[in-house]
Amino acid sequence: MSIFTPTNQIRLTNVAVVRTKKAGKRFEIACYRNKVLGWRSGAEKDLEEVLQTHTVFVNVSKGQVAKKEDLIKAFGTEDQTEICKQILSKGELQVSDRERHMQLEQMFRDIATIVAEKCVDPETKRPYTAGLIEKAMRDAHYSVRPGKSTKQQALEVIQLLKGTMRIDRAQMRLRFLLPAKEGRRLKEKLRPLIKVIESEDFGQQLEIVCLVDPGCFRELDELLRRETKGQGTLEVLSLKDVEEGDEAL
């Protein structure tokens with residue numbers, strides 16, 4: 001037995017709907033569950049993993065597809081992939097209270113994991129477990145904001161937790177090789193951005209091994225390129241200066 005389906009209708013299952021209203025009309029897109037927040041936070045970058053179809057609807061549940069003239073009037077284009085991206089970024093995600101709770105819990109865990117990966121106890125240099133960071137976040141009554149990326153929120157959490165525990169960004173270990181003639185002058189320029197100088201060796205070049213905050217890396221790299229005109233080199237020896245074993249509170 002064949003079932004007639006109108007050509008402007010598409011049936012989808014297990015859908016998360018993102019909705020927006022423009023030019024007096026409603027537009028919806030069909031996404032995979034648990035992928036929308038990942039896209040908005042930057043954790044998911046593959047659009048194919050987020051969209052069930054590159055089709056814009058007026059009603060996903062009824063399978064009613066938006067008309068081309070309505071799309072052009074509302075979005076100024078008929079490129080459905082581009083329109084999907086706009087709706088995905090700015091539209092309202094339609095979820096049940098239970099789904100919203102699950103998504104916020106997942107974001108909470110993701111934030112804790114990022115903090116654990118980036119931070120150490122500054123006195124012992126030992127890393128913290130994600131579970132321990134989660135507990136500290138709950139003790140500090142941290143609330144996830146679904147519209148903000150997990151990376152941004154992780155940086156906020158680090159600042160928040162500094163008030164209740166010993167925690168800081170793990171430092172990077174770098175090696176600078178500076179032209180001998182300019183070595184001392186360049187060292188003075190770099191010094192304000194360096195946390196700890198571990199060793200210096202002045203031979204044909206000035207070699208400095210040091211620890212820096214990860215947030216200073218780009219500025220150091222740009223400063224070195226600008227001041228040495230490509231004659232100096234910067235090498236990352238380790239992304240995190242840590243001791244083995246986890247830290248316990």
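Buried cysteines and nonpolar cores

User: Why is cysteine 119 called buried?

Analyst: Happy to explain, bearing in mind that this is a predicted model. Cysteine 119 has a relative accessible area of 1%, and buried means under 20%, so cysteine 119 is called buried.

User: What makes cysteine 216 buried or exposed?

Analyst: The relative accessible area of cysteine 216 is 18%. The cut-off for buried is under 20%, so cysteine 216 is also buried.

User: Which residues touch the most other members of the largest nonpolar core?

Analyst: That core has 22 residues, and the ones touching the most other members are Ile111, Val115, Ile133, Met137, Leu161, Met165 and Ile167. At least two core residues come from each of α4 (97–118), α5 (130–139) and α6 (150–161). The largest share, seven residues, is supplied by α4.

User: What is isoleucine 133 in contact with, leaving aside its neighbours within four places in sequence?

Analyst: Isoleucine 133 is in contact with Ala112, Val115, Ala116, Tyr128, Leu161, Met165 and Ile167. Another core, of 21 residues, lies apart from the largest one and has Trp39, Leu47, Ala74 and Phe75 among its members.

Technical notes: Residues are numbered from 1 along each chain as its sequence is written. This is a predicted model: local features need pLDDT of at least 70, side-chain atom pairs count only at pLDDT 80 or more; totals for chains, interfaces and linings use all residues. Side-chain values use heavy atoms; hydrogens and water are left out. Buried means under 20% relative accessible area, exposed over 50%, partly exposed in between (1.4 Å probe, protein chains only). A nonpolar core is a set of buried Ala, Val, Leu, Ile, Met, Phe, Trp, Tyr and Cys residues joined through side-chain atoms within 4.5 Å. Helices (H or I, at least four residues) and strands (E, at least two) are DSSP runs, numbered from the N terminus. Contact means heavy atoms within 4.5 Å.
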